[in-house]
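I opened my notebook to look up one chain.

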Amino acid sequence: MRLLNCFLGILVVVVGFWLIWGTLAPVIVLGWALLVGACLWLKAESITEIWAWATLLLGVETVFVAHVTLFR
């Protein structure tokens, strides 16, 4: 169950990252997915922690949406 939630958390964070930086190379998005996956798998020990970290990362990405839009 932890593995499934980890994959879903990765998916949520990576889709948010891709929506912000839509023109990036897929290699960079894949690298971000691997980094987030490693962070979620190693740092979080429960499903609650997985979703807490995923939500935190998505929130940080959301803060950058305004800055990215402003500078484009």
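I was working on a predicted model.

Next I checked burial. The chain has 72 residues, and 28% of them are buried.

Then I turned to the fold. I found three helices and zero strands. Along the sequence the pattern reads α-α-α. I took the box around the C-alpha atoms along the principal axes, and it came to roughly 40 × 25 × 15 Å.

I looked at contacts along the chain. Among those with a separation of 6 or more, 68% join residues 24 or more positions apart.

How do the axes of H1 and H2 cross? H1 covers residues 2-20 and H2 covers residues 26-43. Their axes come within 9 Å and cross at roughly 140 degrees. The crossing is right-handed.

Which residues make this contact? From H1 I listed several, including Leu 3, Cys 6, Ile 10, Val 13 and Phe 17. From H2 I listed others, among them Val 29, Trp 32, Val 36 and Leu 40. Arg 2 and Gly 9 of H1 also take part, as does Gly 37 of H2. I sorted the residues of this contact by type: 13 are nonpolar, two are polar and one is charged.

Methods: Residues are numbered from 1 along each chain as its sequence is written. This is a predicted model: local features need pLDDT of at least 70, side-chain atom pairs count only at pLDDT 80 or more; totals for chains, interfaces and linings use all residues. Side-chain values use heavy atoms; hydrogens and water are left out. Helices (H or I, at least four residues) and strands (E, at least two) are DSSP runs, numbered from the N terminus. Buried means under 20% relative accessible area, exposed over 50%, partly exposed in between (1.4 Å probe, protein chains only). Contact means heavy atoms within 4.5 Å. Axes are lines fitted to C-alpha atoms, for helices over the stretch in contact, and angles run from 0 to 180 degrees between N-to-C directions. A crossing is left-handed if the near helix is turned anticlockwise from the far one by less than a right angle, and right-handed if clockwise. Ala, Val, Leu, Ile, Met, Phe, Trp, Tyr, Cys and Pro count as nonpolar, Asp, Glu, Lys and Arg as charged, and the others, Gly among them, as polar.
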